[in-house]
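Let's take a walk through a protein model together. Have the sequence and the 3D view open, and look for each part as it comes up.

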Amino acid sequence: MIPRIHQQGSNTLGLLHYLYGRGTHEEHTDPHLVASFDNMAPDPGRDPSATKKDLQHLLDQPLALLGPGQRPDKHVWHCSVRAAPDDPILGDEQWAEIARRMVAATGIDPGDGAGCRWAAVRHADDHIHIIATLIREDGRRPDHHRSGKRAQAEARLIEKELGLHQVAPGDGTAAKRPTSAEQHKAERQGRERSAREELRETVRRAVAGATNEKEFFDRLAAGGVLIRQRVAPSGDVLGYKVALPKDRNKDGEPVFYAGSTLAPDLSLPRIRERWALPAEAAALADGSGPEQPALPSVTGPAFARRRATAATWQALLLIDHGDDGTAAAQIAAAGEILDALAKTSTAHTRAELREAAFAFERASRSHIKAVRGHDRALRQAARDLVHSGPALGCGEDGATTAMLIDMAFFLASAAANWHAKKHHSQQAAAAQQAAEHLRAAYQAAAAESMALLRQRGHRLTPRVRQRQAGLLQQVLPELAEQVLAEGGWPALAATLDDARRAGHDPAALLSEAARRRELDSAGSISDVLVWRLRRSAHLPALPESPHDALARRNRRTPSPAPTTPAVASAVNDSSRWR
C-alpha cells in the first residue's frame, strides 16, 4: 500500500472536479465518497441533489474563522492511497477505515474533536484520494509535519493487519517515482518508461566512469538530451537540468528535470563527489606519493571485460570485509559497472542487463555515506567498458561478457546481503531483483562459450576425465557429487585440463576458487568455477575451436612465429597486472 502526499494547493473546487471527473484518460469509474470528517458530507457522485460546490463549501467553512491576512495561500491538503497490484480489491468500508487512520496518523484529524475537515473519494478499485482543508475547527493550523513518513508508517501497520502486500520500508534515499500524469503521458506517446525514468537512466550512463564535468556533459549531449546549465556570475556551473527533445508541455516547451529531482545522487555536487580521490590517490596524482606502475591500455571490449571482472572480484572482498563507508562506495560504483555494461551490450543480453541496472539503481544509495575515491578501480573499469565500445555477442567478446556478468551476479548478491544486514529492506530487495536479471542475462551470454567448453570436455580421453573427477573429489568432497551431475561439468574438466597444460596447479586453483567466495547462490557451480579458474589462470575466456585450430595449422605464412600463440601470450601478459 503506497500513500502519497501531493503538493498543497489553493483550489478545493478544482481538485474536486478532478476527483469526480472522468480522468485524463477516462479511467475514473463510479466516483463516490467513502468517508468524511463527520460521515455526513454531501456526495456529488451518488446523490443527485448534491454538487461539488456543496462539498467544497462544507470543507472550506473553517477558513471563515480566520481574520484578514490569516488565510494560508495553500490550504488544500491532498493524499492518495494506492493498493499493490496483487492485493485483493477492498470494499468501501475498508477504504473508509484506511482513510480515517491516514488522517489520524498524519495529524489532519487526530481525533480530538477539532481536526481538519476532510473527505475521501474513490474512483477506482485500487486507490482513494483524501482531500482536506488545512485549518482546524478551532481555527488553528494542524500539526502535519512529516506527514509523508507518518502515512508510510501507518500503511505498514495496515498491510499487516489486512494481510496485504507488505511494502519494504524506505529510508528517504529512493529516487522520486514518476507521477500519474508522467506515466499517462508516456503511455500516450508510446514510451516504455516515463520521461523522468528515461532521463535518470541517460544521466546515470553518462556518469558511469566519467572523470570530469566536461566528459559528463559531453556524454549527456551525445545521449540526445537537452541540457540547461545553471551558471554563477563567476562562470562556475552550479547545477544542470535535462529534458527529452520530444517531451513538451502544453505550451510546446521542453519539460526539464533537475538532476537532484531524478535521484538524490545525480545532483551536480553529488556527482562531483565521485571524482574525488582518497588521500593516497591524491598524493599519486600530484606526484608526492610513491610511483606506481601504469595500468595497461584497454585494447578492446574483451580486455575491458577481463579488467572489469578483476575489479568486481576485489569489490566483492571489500564489501565482505571492508568498513561500511568503503562497502557503500563499492556498491555505488557497482551501479556504474551495470550501467556501462548495459550501454555496451549486444541485443541478446541488452534487455536483461538494462533491467538489472534499472533495478540496482535503488540499491546504490543508503544513509551510510560512501567514502568516495576507494571505488576508483570499479569506476575505472566502468570507464574502460564505455570507451572500449560495444562488444560482439560471440567469440572472446561474448565469453568475457559472460565472465563479467557471472561476477556481477555475485556482486549484486553481496550487495543484497550487505543491505539486509543493515536492515535496508528496499535496497536489499532491489539488489536481489538485479541479481535475478543478471542470472537471466548470463544464460544468454554464456550459451556459446559454455557449449564449446562442454564439447572440449566430452572430447577428453576417459583417463583425463577420470583424473579431473578425482581431483574434484579430493579438493571439494562436499560439492563433488553435485558438480559431477551438472551439465557444466565437462566444461570444468576441460578448464582444469587447460590450466594444467598452461603450467598451473589445478588443485590449488580449484581450492582457491571455491574458498574465496560462497557458491550456494550459484545456479551452476561448475559454470562459476569455470570462469573463476579461467580468470585466475589467465586462460582465454573462449578456447580455440577445432575448426580454428585446424585452419591455423594449415595456414602457411612467411612469419617466423604463428599468430595465435602470440596473441594468446599478449592476452595473458596484459592480464597479469591484476
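## Salt bridges and a sheet

Asp92 counts as partly exposed, at 28% relative accessibility; that label covers everything between buried (under 20% relative accessible area) and exposed (over 50%), worked out with a 1.4 Å probe and protein chains only. Before we go on, a note on what you're looking at: this is a predicted model, where local features need pLDDT of at least 70, side-chain atom pairs count only at pLDDT 80 or more, and totals for chains, interfaces and linings use all residues. Residues are numbered from 1 along each chain as its sequence is written, and side-chain values use heavy atoms, with hydrogens and water left out.

So what does Asp92 do with its side chain? It meets the side chain of Arg122 in a salt bridge, 2.7 Å from N to O. The term salt bridge here means a side-chain nitrogen of Lys or Arg within 4 Å of a carboxyl oxygen of Asp or Glu. Asp92 sits in helix α3 (residues 92–105) and Arg122 in strand β4, 30 residues apart, so this pair links distant parts of the chain. Helices (H or I, at least four residues) and strands (E, at least two) are DSSP runs, numbered from the N terminus.

Which residue forms a salt bridge with Asp126? That's Arg82, with the closest N and O atoms 3.4 Å apart. Asp126 lies in the loop between β4 (116–122) and β5 (127–136), while Arg82 belongs to strand β3, so the pair ties together parts that are 44 residues apart in sequence. Asp126 is partly exposed at 31% relative accessible area, and Arg82 is partly exposed at 34%.

The side chains of Arg270 and Glu273 meet in a salt bridge at 3.7 Å, N to O. Both lie in helix α9 (residues 268–274), three residues apart, which is about one turn of the helix. Arg270 is partly exposed at 33% relative accessibility, and Glu273 is partly exposed too, at 29%. There is also a network: salt bridges that share partners join Arg204, Asp265, Arg274, Glu336, Asp339, Glu361, Arg365 and Arg379. A search of the whole structure finds 40 salt bridges.

| Salt bridge | N to O distance |
|---|---|
| Asp92 and Arg122 | 2.7 Å |
| Asp126 and Arg82 | 3.4 Å |
| Arg270 and Glu273 | 3.7 Å |

Now for the sheet. Strands of a sheet pair through backbone hydrogen bonds, either parallel or antiparallel. In this model, an open sheet of five strands has the order β1-β3-β5-β4-β2, with antiparallel pairing; two strands pair if DSSP finds at least two bridges between them. The edge strands are β1 (2–5) and β2 (32–36), each pairing on one side only.

You can follow the sheet across from β1. Four bridges join β1 to β3 (residues 76–82), and these strands run antiparallel; in this pairing, Pro3 stands opposite Val81. Seven bridges then join β3 to β5, again antiparallel, and here Arg82 stands opposite His127. Next, β4 and β5 pair in the antiparallel sense over five bridges, with Cys116 opposite Arg136. The strands β4 and β5 form a hairpin with four residues between them.

How many residues of β5 are buried? The count is 10 of the 10, so this strand is largely enclosed by the rest of the structure. His127, His129, Ile131, Thr133 and Ile135 point one way from β5, and Ile128, Ile130, Ala132, Leu134 and Arg136 point the other way.

Finally, zoom out. The protein chain has 23 helices and eight strands, and of its 578 residues, 51% count as buried. Its mean pLDDT, the predictor's confidence in each residue from 0 to 100, is 86, and 88% of the residues reach 70 or more. Over residues 279–295, though, the pLDDT is below 50, and this stretch has 11 contacts (heavy atoms within 4.5 Å) beyond near neighbours in sequence. Residues 555–578 also stay under 50, and the model has 20 contacts for them beyond four places in sequence. Where pLDDT is low, the predicted coordinates should not be read in detail.
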